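Here's a quick briefing on the pockets and aromatic contacts of this protein. Have a look at the structure first, then read on.

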Amino acid sequence: MVVRGRRVVFDRGVRPASLHIRDGAIFKIGEWDEIEPGERLFDAGDCAILPGVVDLHAHINEPGRSEWEGFSTATRAAAAGGITTLVDTPLNSIPPTVSSGALLKKTDAARDNVWIDVGFHGGIVPGNADDLSKLLCDGIVGLKCFLCDSGVEEFSGVSLAQLSAAIERVADLDPWVLVHAESPAILDAARATIKKQDSWTYDEYLRSRPDEAECAAIEGLIRIAERSRARIHVVHLSSAKALPLIATAKAKQISITVETCPHYLTFNAEAIADGATELKCAPPIRDAANREALWKGLDDGVIDFIASDHSPCLPELKSNRDFSQAWGGISSLQCSLAAVWTEARRRGFGLSDVMRWMCQRPSEIGRLAAKGTLEPGKDADLICFAPDETFTLASEDIFHRHKLTPYCGRRMFGVVEQTFLRGRLIYDRGSWANEPQGQIVRVASRPS
Ligand SMILES: [Zn+2]
C-alpha cells in the first residue's frame, strides 16, 4: 500500500512524497508520483501527512477508577485526535502500577480494548524499591514518582533521598525516571499563608503553588541526575522560571529532559475565571508572560517535548467550583494536537516544529524506536491532517468518557481526517475501524 501527499512532514521540512508500506511498516519513501501500476493508493490530497502523535503522559485510570476514564474511550478519542501511541501513568488506577502484579492487571484491562498502541509507566512509591527492576524488565517505558502529595492515597510521594536510593537500586537497567517536581515544603509554606480553608479563588490557588516550588524540586533533581546514571525527566513543567536551571544543567551534559503540556501553552492565569475548575491542574497554569516564555523554551530546545497529561475525573469532582476542593487535572487527549497547532501557528511555528515536539522527540526520549517519524523501518503510524481548517470543539464530538474539558467550545485549527496505525486505517472522519487494533508496547530494558 502507498499513502501519498503534497505536504509530508519530515524533520527537515515539508515536501511531496509517497510512503510505501508493507507489513505495517514504512519500507520506502518515494517521490510523489512513484507509484507502481496496480498498487493500492491512499492519496491525502491537500492534507498534511504527519507521523502519529506519541503522547508519553496520560492518565487512563483503568482498572479501579474506570468511571473516570478507560482504555477504550481514551484510545478512541486519541485516535480521533491523531495520537497513535500513548503511555499510561501508574496512577490513578487501583492498584497503581507499582509492582509486576499490578502491571499484569493493567495489561489485562488494556488488552483487546485499545484502538491505538499503548505502553505503561511504572511507579516509584515508598517501599517498592524491590519491585522496580522487575517492572523495568517487564517492559515499562519509564518510572514515575511524585515529590509532593499525588492527590490519591494509594500513590504516595517520595523524598529526594528515597528517589535517589530507588534509582541506585536499578541504575544498571538505565531507567528513565519521570518526576512530578514540586517541593512539598514550599507548597506547605505557601498554603499556610492562605487564611481561608476553602472557597478559593483562582488567585489563591495559584499562590498556593508558587514557581519556587517547581524550581526547588528541579534543583534537587538536577543534583540527583548529576551523580546518578539515571535519565531524569520533569513532567508537566509549568514554571518558566525553571528554564535557566534546566538550560545550565543541559549545557553541562547532565541527563535531564522536560515536557510541558498543551494547557500551559494555551491558557493564562489572568483569563481564568474564579470557579473555572476545569482549568485546575498541578502545577497551575501561570500568567501570559510565563506562557510565552514556555514557547521560547520549546523553540530553544530547553523543553524537549509536549505531552497531554490527560487527567480526567468524574465531572462531580470539579462541580463545586472551589479551587481548594476541586480535583486537579485537565482532560485534553482528543484535542492536544489541534490545541498545540493552533497556538504554534499563531506564533509562526510550522508543522515540522509540532512534529518534533509531539512525535519525534517523545519517541526518542521514551525509546519507542518504531515510532515518531516517517522513515523506512518505522511503523506506518500516520495521520492526514488539514492544518488550515478550523473547528469548534462541541460536546457531542468529544469521545473521552466525560465531556468536561476547558477546550469545549473553543475554535481550533487543524482537523485530523484520517489516522493509520501500522498501515491500517483506524479512524476516518468521525468513524472508526470495526474493532480495536492497538497493541501493548514494551521497551526492552538494556543493562547499561
Ligand atoms: Zn499527570
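Predicted model: local features only at pLDDT ≥ 70, side-chain atom pairs only at ≥ 80, totals over all residues.

**Second largest pocket**
- The volume of this pocket comes to about 320 Å³.
- It is lined by 17 residues, and the closest to its centre are Ala80, Gln334, Val415, Val416 and Tyr427.
- Two or more lining residues come from each of helix 11 (336-346) and strand 16 (411-421).
- Sorted by class, the lining has 10 nonpolar, 4 polar and 3 charged residues.

**Largest pocket**
- For the largest pocket, the volume is about 750 Å³.
- Its lining is made up of 34 residues, with Asp149, Ser150, Gly151, Arg209 and Ala282 the closest to the centre.
- At least two lining residues each come from strand 10 (143-146), helix 5 (184-192) and helix 6 (202-208).
- Helix 5 supplies the largest share, 4 residues.

**Aromatic pairs**
- There are 13 aromatic pairs in the structure.
- One of them joins Trp68 and Trp327 edge-to-face, at 4.9 Å centre to centre with 65° between the planes.
- Trp68 sits in the loop between strand 6 (53-58) and helix 1 (71-80), while Trp327 is in the loop between strand 14 (305-306) and helix 11, so this pair ties together parts that are 259 residues apart in sequence.
- Phe349 and Trp357 are both buried.
- Tyr202, Tyr205 and Phe323 are linked into a cluster by ring pairs.

**Arginines over rings**
- Arg65 lies over the face of Trp68, 5.2 Å from the ring centre, and Trp68 is also the partner of Trp327 in the edge-to-face pair above.
- Arg4 lies over the face of Trp32, at 3.7 Å from the ring centre.

Methods. Residues numbered from 1 in each chain as written. Heavy atoms only, no water. 1 Å grid on protein atoms, 1.4 Å probe; cavity = no way out; pocket = protein on both sides within 12 Å on 5 of 7 lines; lining within 4 Å. Points joined across faces, edges and corners; volume = space filled by probe spheres on them. Nonpolar A, V, L, I, M, F, W, Y, C, P; charged D, E, K, R; others polar. Phe/Tyr/Trp six-rings, centres within 6.5 Å; stacked < 30°, edge-to-face > 60°. Buried < 20%, exposed > 50% of the residue type's maximum accessible area, 1.4 Å probe, protein only. Lys NZ or Arg CZ within 6 Å of the ring centre and 35° of its normal.
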